[in-house]
Amino acid sequence: MNNKEVELLLVEDDPNDVELALIALRKHKLANKIHVVRDGEEALDFLFCTGSYTQRTFNGPPKVILLDLKLPKVSGLEVLKAIKDDPRTRPVPVVVMTSSREQRDMVEGYRLGVNSYIQKPIDFDQFQAIIRDLGYYWLVVNQCPPPESFPG
Amino acid sequence: MAVIMLTSVAVLLLTVVAFTAYDLVTYRQNLVHRLAATAAIIADHSGPGLALRDEQDARATLTSLRADPGIAAAALYDKRGNLFVGYPAKAPASAFPPTPGNRGSWFEGGRLVLFEPVMVGEERVGMLYMKSDPHTLYARLRFYGGIALLVLFGSALVALAISNTLQQRVTRPILALAEVAKAVSDRGDYSIRARKVSEDETGLLTEAFNGMLARIEEQTEALRKDEEIRSFLAAIVESSEDAIVGKDLEGKVISWNAGAERMFGYTAAEMVGQSVTRVQSPDRPEEEAHILEEAKQGRTRHCETVRVRKDGQPLDVSLTVSPIRNACGDIIGISSTARDITEGKRAERLIQESRARLSGIIGSAMDAIISVDEGQRITIFNEAAEKMFRCSAVEALGQPLDRFIPERLRQAHRRHVAEFGRTGVTTRAIRNLQPLSGLRADGEEFPIEASISHNEIGGKRVYTVILRDITERKRAEDQIRQLNAELEQRVSERTAELTVANKELESFTYSVAHDLRAPLRHIDAFSNLLHEDFKAELPQEAQHYLENIRRSAGKMSLLVDDLLNLARVGRQELRRQPTPLGRLVDEVVADLGQETAGRKMEWHIEPLPAVECDPGLMKLVFANLLSNAVKYTRPRPVGVIEVGCLKMNGDTAVFVRDNGVGFNMKYADKLFGVFQRFHRSDEFEGTGVGLATVDRIVRKHGGHIWAEAAVDKGATFYFTVAGLEHGMKEEQQHIAA
């Protein structure tokens, strides 16, 4: 599993949200190569092959990272900063998905280089639609940078 | 000159003629006497010869006549009258008369002829004839004529010389004098002087003439000066601001200057010849008569009185009336000079009033007012001072100010006053003179506040201090200071508490934003999944419950969003920037498209100005007001919504008006409270937070909001924002341009 190709990294601490996201993705047959981490620290371990992920080889970064902002230990924005600060992970598209309506979070996110910022709608139908569009767009439509472009 | 010559020649001629005539007469008489004497001698000598007829003797006697060349001829006749002997002997007988004439002598053709009887004893023996030679006479005449000619010639020469000299001495100066006189009369120049050339009468004349000219010149100069002084005086009189009036002894105006014209309003033409009583005040009818009477007695009078102008306006004047005397000292008229002192009187009254007011102020002042002279002696001591220092004015006046200054401060006070006097500043508060204290008559010291001023009155420096007993105030100040300190302490405690509370609130709202919304989403999501995935297995009722759960979740989500907005408004700093309000309205109207879809709406949106505001929050204001308007016009076939800007009660306000269901103004005070709703939620959905948010935003922008409405008559919301008025003016200018 450690070396399995991961297309979508979901960083989300709330199990309900994880489940709903997975349901939505599954419904649209997008749930294949998904990896879920439950806090910011784990996310960084996974991406930089550290901590419990030391066995993982670095090559083959996810096509997209879905990042919640309110995370235990290391916050979403800190994770985002670490991703965008490191040349190895900088090309990976990051989509922030949050329940927060704080404008300053959004502004800060874009400042740190987030590729997309989405507010989770209350209405589940709308939520499903967003997950669907998002999955299609980043996993199917969007052209990811080739693996060669990731240094080290 | 000719006159002189003629005169002298005539005089000379006359003299010569007279002299000659006299001489001739004398000569003839002498000749007669001499001839008679000679004849007598000859006759005597020739008597015997004749008597004897001795011719020789007779001839010898006659020949002795040779000694007298003046005898031209002589002859002796005998008794019978025949010529006996003649002389000169060679003369023919015809040269002698043939017969002797009678005894006597006479002149014949310029010659004296003489007959003398020749006697011997008593007997006449013959006659002697003698004839004088006229040549002597002629010679004598010629001689005289020559002398006369010589004298004439000489005297003519002398006269010529004399007249020449005289001309030099007399005529020329006189001629010069005449020329000068002509020049003087021709030119009227009396400064010309004749030149004095000699010390004689001409010189005197010249001097006299010059003296006369000098006097004439002096008098002319004096006259000219007189004239100058006259015109000068006339100009003074004319240009005087004072009314200068000349009157005769009956009080009739003779002269009326420009000052009088201005002062009384009558022209000189109107007044000259008229009685001066025309300007007399009717309530002083006898005044002018008195004035005249006094002036007639030679007295000059100064007085202040009232006169009346032509327009009836009374005039306060200061009057000087004095008699006018002629050269002999007789009073021939009266001059009166009037000065308008209406202004002065008014000023005097004002001064009196202001003095009264001032003393009223000083007397009633709450502060002690004390004036001191240069010697620091008290000259004013008002009632407040009496109370403050517990000393009556009677006691205080004339006393040194030191009496009311604590001893330890007297030195410093004196120094301060002296320094202040030197600064030239006329007022100054001496609050900074530390510590400032007064000394009551009973010895109590008390804190005072003072301001000092000085001015020069009649050349003497007067200092005035205004003192305030600040015992009470100091106490109050101390109290206030203490209270303030306590208050500050409390405030800082409260502020710290508030900061903590704010922090908590902030994290609370953040939690609400995140944590409260998440479960809601989950409720919605899972009930949705349940409904979708197990629809077939769920009874109808269970499906209905699920629906209710979902609706409640949605409602709560709205509520949370609104509450978040409200909290954010309170917490957030305003990010002001120039924002065109019209643009915000357009954006909001566009956002409302979904809600108005399918409805008939009329939008009347007037141009709105740009103001300095937080665009995000201001948009929230319009979003709330306009969505309300859309919501509450829903029952109307056509929803009419107006947005504009107007002046109202001196405020410039933006308004949003609708033709919706309105509300009862009875509840207007609750309108902007949180969770206040005027409609049931099954009529109109809502959280009751929107208007509270709007109110908070408007207030944060320095404005206020209010509403007018009536049930079923629509509602209008007005709000102001700082800078709106200015923005509106610019907008109007822009539109006008």
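## Chain A: fold order

Helices (H or I, at least four residues) and strands (E, at least two) are DSSP runs, numbered from the N terminus.

This is a predicted model: local features need pLDDT of at least 70, side-chain atom pairs count only at pLDDT 80 or more, and totals for chains, interfaces and linings use all residues. Residues are numbered from 1 along each chain as its sequence is written, with chains lettered from A and ligands numbered from 1 in the order in which they are written.

Chain A has 152 residues, and 38% of them count as buried. Buried means 20 or more other C-beta atoms within 10 Å of the residue's own; exposed means 12 or fewer; partly exposed lies in between, with C-beta atoms placed from the backbone.

Take the contacts in chain A with a separation of 6 or more: residues 24 or more positions apart account for 69% of them. A contact needs C-beta atoms, placed from the backbone, within 7 Å.

## Where A meets B

Chain A puts 16 residues into the contact and chain B puts in 17 residues. On the chain A side, α1 (15–27) and α5 (124–141) each give two or more residues. The largest share, four residues, comes from α1(A).

## B:Ala93

B:Ala93 sits in the loop between β2 (83–87) and β3 (104–108) of chain B. It counts as exposed because it has 10 C-beta neighbours inside 10 Å.

Beyond its neighbours within four places in sequence, B:Ala93 is in contact with B:Leu83 and B:Gly86. The C-alpha atoms of B:Ala93 and B:Leu83 are 8.1 Å apart, and the two residues are ten apart along the chain.

Technical notes:
Contact = placed C-beta atoms within 7 Å.
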